[in-house]
Each structure stands twice: as C-alpha cells, then as structure tokens.
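Please look at the sequence and the structure shown below before reading on.

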Amino acid sequence: PSTCLYCSFPSGPVWVGGYKAQIYYDFGVDGALHSGLYIFTEDFSQGSYYIDMYGALKDSLNSLYGEPASDKIRSRGDRDLIEMLDSATALSLGYTGYRTVWNTSTTDIYLTMDSSDYDINVYVEYRQKGYEQPSNTGGL
C-alpha cells in the first residue's frame with residue numbers, strides 16, 4: 001500500500017454564497033487539514049455575470065474577514081487593447097484577472113477569477129499560514 005504524502009479529496013456539489021461549487025480539502029502527512037478550495041461551477045453565458053458573482057463573493061468575504069489585504073485587477077497583454085474592451089470581454093478573452101486576498105492570524109484567503117479562451121474560472125482558496133507542502137518523490 002502506498003502512503004499519500006499530500007491528498008486532495010473532493011466533495012460533492014455544494015452551494016456557497018448562492019453559487020454552485022465543488023470543494024476540495026487538502027490534508028498533509030500529519031492528517032491535518034491544511035487548505036481548502038472552492039471551485040465555482042456556474043456556467044454563465046456572459047462574462048459580466050461572472051464579474052457580478054465575484055463581487056457578491058467578495059462582499060461576503062469582506063463581511064467575514066474585514067477589508068482585504070490586497071484587491072487587484074491584473075492586465076495580461078496589450079493595455080491599449082484592454083482599455084478598448086469592456087471589462088466582461090477583457091475577462092472572457094483572458095486579458096484581465098482578478099484577485100482579492102484576506103489574511104487572518106492562521107489563514108490566507110484568496111478569491112481569484114481568471115480565464116483562458118472564454119473559459120472563466122472563479123475560486124476561493126483557504127491556506128494555512130506557514131504550511132509547506134512536502135515534495136512527493138515516490139514516483140521518481
């Protein structure tokens with residue numbers, strides 16, 4: 001039998017903040033939970049709906065954790081082209097990505113939205129501060 005050095009266990013579909021998501025729990029070799037990931041599985045027809053969802057999730061996280069440590073929209077590509085596009089199109093094409101970060105005494109919380117070829121991804125990740133994932137060299 002093999003030993004799992006870093007295991008990820010998915011949950012069934014759940015609703016988080018009114019949106020459908022899949023949750024992944026990550027346990028270390030010590031058996032303790034070190035991170036969790038909510039991947040939102042909504043399938044909207046327009047990028048603006050994802051931006052609305054991101055805003056609603058950010059508001060919910062603000063109410064739980066206070067003002068974020070960081071809140072940025074990052075540009076990827078030609079800024080002049082990005083400025084000609086509306087925010088939903090820029091997101092859909094992968095020219096912009098959104099990230100908001102909260103810090104507590106024990107956990108870093110990341111709300112992220114990005115895309116590639118019209119496939120928009122929104123997720124929230126909780127990471128235990130100071131935990132380093134061990135290298136899995138079993139297959140070498």
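Which residues does Ser92 touch, not counting residues up to four places away in sequence? Ser92 touches Gly47, Ser115, Asp117, Tyr118 and Ile120, where contact means heavy atoms within 4.5 Å.

## Basis of the report

The model is predicted, and local features need pLDDT of at least 70, side-chain atom pairs count only at pLDDT 80 or more, and totals for chains, interfaces and linings use all residues. Residues are numbered from 1 along each chain as its sequence is written, and side-chain values use heavy atoms, with hydrogens and water left out.

Ser92 belongs to helix H3, residues 87–92. Helices (H or I, at least four residues) and strands (E, at least two) are DSSP runs, numbered from the N terminus. Ser92 counts as buried because its relative accessibility is 10%. The classes are defined by relative accessible area: buried is under 20%, exposed is over 50%, and partly exposed is in between (1.4 Å probe, protein chains only).

Asp117, one of the residues that Ser92 touches, is located in the loop between strand E6 (107–116) and strand E7 (119–128). With 67% relative accessibility, Asp117 counts as exposed. The C-alpha atoms of Asp117 and Leu91 are separated by 9.8 Å, and these residues are 26 residues apart along the chain.

## Strand pairing

Two strands pair if DSSP finds at least two bridges between them. Strand E2 (residues 19–27) and strand E3 (residues 33–40) run antiparallel and are joined by 7 bridges. In this pairing, Tyr24 stands opposite Leu37 in E3. E2 and E3 form a hairpin with 5 residues between them, and Gly31 in the turn has a positive phi of about 85 degrees.

Strand E5 (residues 96–103) is mostly covered, as 6 of its 8 residues are buried. Strand E4 (residues 70–75) pairs with E5 in the antiparallel sense over 6 bridges, and Ile73 stands opposite Tyr98 in E5. E5 also pairs with E6 in the antiparallel sense over 6 bridges. The bridge partner of Arg99 in E6 is Thr112. E5 and E6 form a hairpin with 3 residues between them.

## The nonpolar core

In soluble globular proteins, nonpolar side chains tend to be buried together. A nonpolar core is a set of buried Ala, Val, Leu, Ile, Met, Phe, Trp, Tyr and Cys residues joined through side-chain atoms within 4.5 Å. The largest nonpolar core in this model has 18 residues, and those with the most contacts inside it are Phe40, Tyr50, Met53, Leu57, Leu111, Met113 and Val122. At least two residues of this core come from each of E2, helix H1 (47–65), E5, E6 and E7. H1 supplies the largest share, 5 residues.

Met113 is in contact with several residues beyond its neighbours within four places in sequence, including Tyr50, Leu91, Tyr98 and Val122.

## Aromatic rings

The structure holds 5 aromatic pairs. Rings of Phe, Tyr and Trp (its six-membered ring) pair if their centres lie within 6.5 Å; planes under 30 degrees apart count as stacked, over 60 as edge-to-face and the rest as tilted. The rings of Phe44 and Tyr50 have centres 5.0 Å apart and planes at 75 degrees, so this pair is edge-to-face. Phe44 counts as partly exposed at 24% relative accessibility, whereas Tyr50 counts as buried at 7%.

Tyr65 and Tyr126 form another edge-to-face pair, 6.2 Å centre to centre with 65 degrees between the planes. Because Tyr65 lies in helix H1 and Tyr126 in strand E7, the pair ties together parts that are 61 residues apart in sequence. Tyr38, Tyr65 and Tyr126 form one aromatic cluster.

## Charged side chains

A salt bridge is a side-chain nitrogen of Lys or Arg within 4 Å of a carboxyl oxygen of Asp or Glu. A search of the whole structure finds 3 salt bridges. Lys58 and Asp71 meet through their side chains in a salt bridge of 2.8 Å, N to O. Lys58 lies in helix H1 and Asp71 in strand E4, so the pair ties together parts that are 13 residues apart in sequence.

Lys129 forms a salt bridge with Asp108, with the closest N and O atoms 3.6 Å apart. Lys129 counts as partly exposed at 35% relative accessibility, whereas Asp108 counts as buried at 15%. The side chains of Arg127 and Glu125 also meet in a salt bridge, at 3.1 Å, N to O.
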